[in-house]
Structure formats: structure tokens, C-alpha cells
Amino acid sequence: MNLYEIDKKINDTIEFCCDLETGELLDDEMLENTLNELELSKEEKLTNIAKYIKNLKADAKALQEEKLKLAKRQSVAENKIKRLKKYVDDFIRNTQGEDFNNFKFKDVNNTISYRKSQSLEIDDIDKINEDFLKVEKTVRDKKELTKALKNGLNVDGCHLEEKYSLQIR
């Protein structure tokens, strides 16, 4: 999606210096040198690069929206699968009775049968030996921790770091 027309020299330079599949810059120095060598004013370079970034943002937004649509369709399909498998399971169990686990059905396209397996069910996690538990350390409330640090509280193991983020609108 191209919202803005980009100067061909700048567009070609950026495209040439990027991996088409990953979008990664192949050589930062080459990109910088090539852009610096272009016979365009500083304003033209900045304007066109900002437009290029805006085009990329629009692409990313459109892709994100499409990803959400596809995720919703995936969820719908997975829910249908669950409901239909439950129907088939209930149908077989109701028609076969106690002997359902020996049921087998096969035709040209399908094979339906039961496979025996085991799964772990946790009844009371507090009774399980710690050797079997994995403990993950996470900060419970980053907002509160940040607020405390901003208010002058000294907390070992962390600090506030000032950063600058380039804004292009």
C-alpha cells in the first residue's frame, strides 16, 4: 500500500539495501553512504524517507488487521472442529456403548478410531514436590515499580533509563 509517492532514487536505494524476505538492512553503511551521495537536498531526503516510513506503517497496520481477521477465521474453524469431533465422539460412544474404544471406521478418505493416551491432571499444586515445579521470576507490577522509582525510592536490581524515541507522523 503506497499512501505517498517516494522519490525513485531513495526508494530504489532502500529497496536495494534490504533483504526482500526479511526486510532487514543488508548493509547499514552502504545504505547511509548511498543516501548521502544522492543529489537531493536534506529536506528532500528527510521528506522522502519519512514518507517511506509512513508507507511501511500503513502496510504494517493493514497486515495487522488482516492477521486479526485470519485469527478470527482460524478460531471459528477450530471451534467447528471441536464441536464436530465432540458430536462424532458422543455418537460413537452412544452407539457402541462400553466397547467404544475398539471402534474403527475406515473408508477411502477417512479413518476414525480411538487411541489410548495419558495426560497429567493436577489436583493440588501445593502438594507437588518443588523438584517438579518451574519457578519463573517476573515483575508483578511494572507501572507501580516505575512510579516508585520516579518518586525517589531506591530499588535494588533496577533503574530508570532515559531514552529518546524518534516520532514520524
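**Surface patches and salt bridges**

Leu120, Ile122, Ile125 and Leu133 make a nonpolar surface patch of about 400 Å². A patch here takes residues with over 30% relative accessible area and no salt bridge, joining like charges within 9 Å and nonpolar side chains (Val, Leu, Ile, Met, Phe, Trp, Tyr) within 5 Å. Areas are from the Shrake-Rupley method with a 1.4 Å probe, and for residues only the protein chains shown count as cover.

Before going on: this is a predicted model, in which local features need pLDDT of at least 70 and side-chain atom pairs count only at pLDDT 80 or more, while totals for chains, interfaces and linings use all residues. Residues are numbered from 1 along each chain as its sequence is written, and side-chain values use heavy atoms, with hydrogens and water left out.

Leu133 sits in the loop between strand S2 (111-113) and H4. Helices (H or I, at least four residues) and strands (E, at least two) are DSSP runs, numbered from the N terminus. Leu133 counts as partly exposed because its relative accessibility is 33%; the cut-offs are under 20% for buried, over 50% for exposed, and partly exposed in between (1.4 Å probe, protein chains only).

There is also a negative surface patch, formed by Asp27, Asp28, Glu29 and Glu32. Asp and Glu count as negative, Lys and Arg as positive, and His and the chain ends are not counted. A charge is placed at NZ of Lys, CZ of Arg, CG of Asp or CD of Glu. Glu29 belongs to helix H2 (residues 28-37), and at 56% relative accessibility Glu29 is exposed.

Now the pairs. How many salt bridges does the structure hold? There are three, where a salt bridge is a side-chain nitrogen of Lys or Arg within 4 Å of a carboxyl oxygen of Asp or Glu.

Asp12 and Lys8 pair at 2.7 Å, N to O. They are four residues apart in helix H1 (residues 8-16), so about one helical turn separates them. Asp12 is partly exposed at 35%, whereas Lys8 is exposed at 59%.

Helix H3 (residues 42-96) contains Lys86 and Asp90, four residues apart, and their closest N and O atoms are 2.7 Å apart in a salt bridge. Asp89 and Arg93 form another, at 2.8 Å, N to O; they too are in helix H3, four residues apart. Asp89 is partly exposed at 22%, as is Arg93 at 38%.
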